2 protein chains.
Amino acid sequence: MINQKMFDLGDEPNKIRELFAYGMQRKAEIGAQNVFDYSIGNPSVPAPQCVQRAFEEQLAGDPVVAHEYTPSPGDPAVRRAIASYIERAFGFPATPGNVYVTSGASSAIAITLSAVCEPGDEVIAIAPYFPEYRTWAHTAGCDLVEVPASVPSFQPDVAAIEAAIGERTSAIIINSPNNPVGAVYTRGSLTELSAMLARKEEELGRRIFLVADEPYREITYGAEVPYVPSLYADTIVCYSFSKSLSLPGERIGYIYVSDRMPDAQAISTAVAGAGRALGYICAPVMLQRVIAECLGTPSDVKTYAQNRELLTQGLAQLGYEYVEPEGAFYLWVRALEPDAVAFSERAKGFELLLVPSDSFGVQGWVRLSYCIARDTIERSMPAFRSLMESYR
Amino acid sequence: MINQKMFDLGDEPNKIRELFAYGMQRKAEIGAQNVFDYSIGNPSVPAPQCVQRAFEEQLAGDPVVAHEYTPSPGDPAVRRAIASYIERAFGFPATPGNVYVTSGASSAIAITLSAVCEPGDEVIAIAPYFPEYRTWAHTAGCDLVEVPASVPSFQPDVAAIEAAIGERTSAIIINSPNNPVGAVYTRGSLTELSAMLARKEEELGRRIFLVADEPYREITYGAEVPYVPSLYADTIVCYSFSKSLSLPGERIGYIYVSDRMPDAQAISTAVAGAGRALGYICAPVMLQRVIAECLGTPSDVKTYAQNRELLTQGLAQLGYEYVEPEGAFYLWVRALEPDAVAFSERAKGFELLLVPSDSFGVQGWVRLSYCIARDTIERSMPAFRSLMESYR
């Protein structure tokens with residue numbers, strides 16, 4: 001007498017979380033310094049000074065105001081601040097009415113899909129992809145259609161996406177800088193994708209929304225991250241401050257419905273409706289006001305850049321194959337056997353926690369989160385060497 | 001090309017929010033002191049000292065830890081603290097595995113209904129009721145069935161509930177202390193309700209869950225608030241700290257699946273699945289740890305008790321009919337004409353903002369939130385007098 005779908009979803013093994021939990025246990029057993037935990041994307045860089053200061057300011061004020069309800073789409077001043085930041089940072093005129101503050105990117109994507117899709121529609125994701133895309137597509141009553149990225153660039157395969165688009169396609173989720181691969185979609189790729197989508201919209205006589213999931217926008221190593229709404233009108237941006245401000249557990253982000261859509265206001269209304277339907281009242285108020293004070297605060301990407309150098313150089317020397325990451329803090333490494341799950345299991349024997357690519361819809365790779373202590377990366381190299389040797 | 005249901009939901013007039021927005025505008029026009037705003041349940045009592053202290057402790061610690069992800073059902077230490085509080089406060093043995101920390105009672109109820117109902121089921125609410133119950137029932141694919149409370153006690157009408165239960169009934173939502181009426185369900189009422197439900201479960205061969213929505217548990221004026229799981233095994237408690245700790249905009253609460261159910265663990269698994277489906281990753285981490293430090297901290301009910309006295313005595317003298325509130329901070333007042341919307345409109349002419357009962361599924365009453373400044377209540381009395389006189 002419970003909902004079987006929800007039970008199955010709650011019961012479904014989550015490899016990333018399982019590995020993380022195994023790591024906790026293993027660290028207790030043999031000491032944290034002896035486990036090389038590359039499992040989870042919990043930023044290791046502390047939140048910038050601005051965050052601490054903004055929290056203190058909120059707490060020094062009137063407590064009734066500090067913790068009050070805000071309107072569901074967010075505190076009007078916060079929505080204004082975000083819209084004006086979008087304008088300043090991307091030269092893209094944004095109105096506060098099309099900004100909806102959310103409890104992180106997760107709720108942003110769940111709400112967006114429920115707002116723009118009809119049950120029975122299809123949502124396209126580019127594999128490898130964040131596994132919850134499938135869950136949220138199902139919540140909106142949709143099927144998730146996987147389209148593999150081009151290999152080895154891991155850019156969108158525009159021809160394959162075009163082939164996957166049909167009468168039921170209502171949205172395509174893109175994630176650049178990308179989790180799990182670290183690819184950043186080039187202006188060329190995005191322009192080609194946009195042109196194809198515009199043509200398909202015309203051809204099929206239906207809207208195809210580009211949902212740009214962008215929590216890693218600020219974490220790059222030199223690559224340009226084009227602003228998607230400036231390339232494709234029917235874009236909805238789902239942003240999170242989890243990574244850029246190192247606030248993953250606080251759950252704060254936003255939806256921006258591009259003002260270039262003539263019916264942006266109606267779509268924002270559907271977004272507000274979907275937020276209600278999924279049980280949201282407002283995003284956490286103190287966090288709303290904290291991030292409004294810290295928009296555009298550069299996060300300390302230097303640490304991640306150093307980790308990236310150290311890890312890629314070390315693995316290259318050992319003969320591992322990987323995708324050179326241009327953004328985010330993940331390294332996508334070729335498993336040393338076709339079965340990535342078996343490879344991940346074997347790596348555990350060397351105290352290396354690597355997430356098998358099966359969790360992201362593809363086979364034969366593992367994901368390493370390198371938002372960890374530099375020291376852990378250094379000390380893990382002999383383990384990677386032994387792992388490699390075990391396959392000789 | 002958007003989801004019409006979500007658009008309609010986003011576009012639906014919300015009387016409480018509309019009146020609140022009207023109040024903001026009116027205050028700007030004629031001065032805040034000239035508007036008597038009884039529209040919204042934003043606690044006027046500041047959060048207790050404990051909350052401020054707990055926030056400061058979090059912020060003084062390691063920022064990476066302070067803002068980290070927690071497991072989806074909550075920080076294990078927080079779940080343990082809540083379970084042990086339930087045991088201490090209600091003498092009810094609770095295990096941490098059946099506590100799921102949420103973004104307030106709203107998400108708790110939305111998640112619970114999605115977890116235990118199948119599409120096509122019915123959920124019963126006792127009118128007058130919080131209007132979002134209907135929205136969340138619909139999200140779970142269910143119909144909401146309204147059963148009027150007994151008048152004038154506003155206790156559950158057990159015979160009427162029994163008559164409404166059928167082959168599709170999967171849950172009944174109760175809210176005591178009650179918004180909007182202020183009634184507290186007596187031990188007698190709840191025992192009678194529980195006995196009837198147990199009998200109906202047997203008779204129909206299906207589970208009927210009692211969903212106890214309890215954000216006002218600690219706000220009472222002497223009445224006992226029995227712990228529902230101790231009366232009825234198939235109870236799921238949806239709790240929020242919004243009112244008891246004056247943190248409405250922070251979104252923090254929990255679901256407790258009663259350990260008296262033999263399959264409590266399976267239901268908790270479905271709860272976790274529903275949380276994933278609706279886009280939740282974890283409840284805001286700092287808030288989780290703040291409330292864990294402040295469990296059982298008495299909120300300052302004295303202020304609300306004084307407001308209640310002042311308001312009820314004043315209105316009684318003027319000849320208004322109302323329900324004597326035993327909990328929460330709402331007064332349920334009989335409109336002076338059958339059409340509560342028209343009455344609320346007329347009241348606006350006297351700068352009185354009163355929510356018509358139509359929002360809560362019944363006609364002919366208005367709701368007054370008295371979690372406001374004492375001074376506002378005092379100064380509103382001449383307006384209530386004039387409103388009364390306008391009907392003579």
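## Stop one: a sulfur link

With -100° about the S-S bond, the link between Cys50(A) and Cys294(A) is left-handed. Select both residues and zoom in: their sulfur atoms sit 2.2 Å apart, forming a disulfide. If the term is new to you, a disulfide is a covalent bond between the sulfur atoms of two cysteines. Now colour chain A by element. Cys50(A) lies in helix H3 of chain A, while Cys294(A) is in the loop between H11 and helix H12 (301-318) of chain A, so this pair ties together parts that are 244 residues apart in sequence. Over all chains, the structure holds two disulfides. Keep in mind as you go that you are looking at a predicted model.

## Stop two: where the chains meet

How many residues of chain A are in contact with chain B? The count is 72, and they touch 72 residues of chain B. The size of an interface is often given as the accessible area lost when the parts come together. Here chain A and chain B bury about 5,900 Å² between them, with 58% of it on carbon and sulfur atoms. Select Met1(A), Tyr69(A) and Arg276(A): in chain A these lose the most area to chain B, together 14% of what that side buries.

Across the interface of chain A and chain B, the rule finds four salt bridges. There are also 36 residue pairs in polar contact between chain A and chain B, counting pairs with both residues at pLDDT 80 or more.

Next, show the helices of chain A. Those giving two or more residues to the side that touches chain B include helix H1 (4-11), helix H3 (49-60) and helix H10 (264-277) of chain A. Which helix gives the largest share of that side? H10(A) does, with nine residues. Colour the side of chain A that touches chain B by residue type and you get 40 nonpolar, 20 polar and twelve charged residues.

A rotation of 180° with 0.0 Å of shift along its axis superposes chain A on chain B, with an RMSD of 0.0 Å. That is the relation of a two-fold axis. The two copies use the same surface, since 100% of the contact residues of chain A recur in chain B. To find the axis, select Leu278(A): of the residues of chain A, its C-alpha comes closest, at 2.8 Å.

Most residues other than glycine have a negative phi, and most peptide bonds are trans.

- Ala127(A) and Pro128(A) are joined by a cis peptide bond, with omega about 0°. Look for Pro128(A) in the loop between strand E3 (122-127) and H7 of chain A.
- From Ser176(B) to Pro177(B) the peptide bond is cis, with omega near -5°. Pro177(B) is in the loop between strand E5 (169-174) and helix H9 (187-204) of chain B.
- Ser246(A) is not a glycine, yet has a positive phi of about 55°. You'll find Ser246(A) in the loop between strand E7 (235-240) and strand E8 (253-257) of chain A.

## Last stop: one turn of a helix

Select Lys15(A) and Glu18(A). They form a salt bridge, with the closest N and O atoms 3.5 Å apart. Both lie in helix H2 (residues 15-30) of chain A, three residues apart, about one turn of the helix.

Methods:
Residues numbered from 1 in each chain as written. Chains lettered and ligands numbered in written order. Predicted model: local features only at pLDDT ≥ 70, side-chain atom pairs only at ≥ 80, totals over all residues. Heavy atoms only, no water. Contact = heavy atoms within 4.5 Å. Buried area = accessible area lost by both parts, 1.4 Å probe. Salt bridge = Lys/Arg side-chain N within 4 Å of Asp/Glu carboxyl O. Polar contact = N/O pair within 3.5 Å; in protein donor to acceptor, adjacent residues only side chain to side chain. Helix = DSSP H or I, 4+ residues; strand = E, 2+ residues; numbered from the N terminus. Nonpolar A, V, L, I, M, F, W, Y, C, P; charged D, E, K, R; others polar. Least-squares fit on C-alpha atoms with pLDDT ≥ 70 in both. Disulfide = S-S within 2.5 Å.
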